[in-house]
Amino acid sequence: NMTATPPTKLETNEHHGRQRIAYFAFTQGAAAGDAASTADLVKLPAGRVRVLKTASEYVCSAFGAARTLNVGHTGYTQPDGTVVAASADTISNGADVSAAAKVIMGAGTNALGTDPTVVYESRSGLTIQAIVAGGTIPIAATLKGYVVYVLD
């Protein structure tokens, strides 16, 4: 686009954007969470945000046999008023968390599609959320990590 005639403006999340990090730390309470329990991890700011999936990662304690973790969002409203429904796995899909693990989101067997990034354009920000599948979240289970994104 930069060499087009006339030049086409690139969004800052595509060229010369600033990389930012949103850290999260989640600990399950004194009772186990239900199957399909969720953990709100971080809220990303409003505007056009590009999440760098393969630069984002987490470490977790053992969740138990057959447990997997998806990372997606809770839904949001685009600047034009269009409502985007929640999506459980736009960043990471089915990462094995049965044993303690370090997971690079969007890489390896939990990768989604061919783009190592995902773009969200929201009016008031959006919440990144993890959802456990295959069973409950055990008492005192931990999930710590960060989401890397480009904004301005």
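Author: Leaving aside its neighbours within four places in sequence, Asn-70 is in contact (heavy atoms within 4.5 Å) with Ala-88, Asp-89, Ser-92, Asn-93, Gly-94, Gln-129, Ala-130 and Ile-131. This is a predicted model, in which local features need pLDDT of at least 70 and side-chain atom pairs count only at pLDDT 80 or more, while totals for chains, interfaces and linings use all residues. Residues are numbered from 1 along each chain as its sequence is written, and side-chain values use heavy atoms, with hydrogens and water left out.

Asn-70 belongs to strand β5, strands being DSSP runs of E with at least two residues, and helices runs of H or I with at least four, numbered from the N terminus. With a relative accessible area of 13%, Asn-70 is buried, a word that stands for under 20% relative accessible area, whereas exposed stands for over 50% and partly exposed for the range in between, with a 1.4 Å probe and protein chains only. A polar atom of the Asn-70 side chain lies 2.6 Å from the backbone nitrogen of Gly-94.

The sheet around this position is open and has four strands in the order β2-β11-β5-β8, with antiparallel pairing, where two strands pair if DSSP finds at least two bridges between them. The edges are taken by β2 (38–44) and β8 (87–96), each with a single partner strand, so one side of each is left without a neighbour in the sheet. On average, neighbouring strands of this sheet are turned by 20° against each other, direction ignored; the axes are lines fitted to C-alpha atoms, for helices over the stretch in contact, and angles run from 0 to 180 degrees between N-to-C directions. Between β5 and β11 there are six bridges in the antiparallel sense, and His-73 stands opposite Ile-128 in β11.

In soluble globular proteins, nonpolar side chains tend to be buried together.

Tyr-58 has Gly-145 of β12 as its bridge partner, and four bridges join β4 to β12 (residues 142–150), the two running antiparallel. Strand β4 (residues 57–60) also pairs in the antiparallel sense with β9 (residues 101–104), over four bridges, with Val-59 opposite Lys-102.

In the loop between β4 and β5 (68–73) lies Ala-66, whose phi is near 65° and which is exposed, with a relative accessible area of 61%. Ala-140 lies in the loop between β11 (126–133) and β12; its phi is about 65°, and at a relative accessible area of 45% Ala-140 is partly exposed.

Technical notes: Polar contact = N/O pair within 3.5 Å; in protein donor to acceptor, adjacent residues only side chain to side chain.
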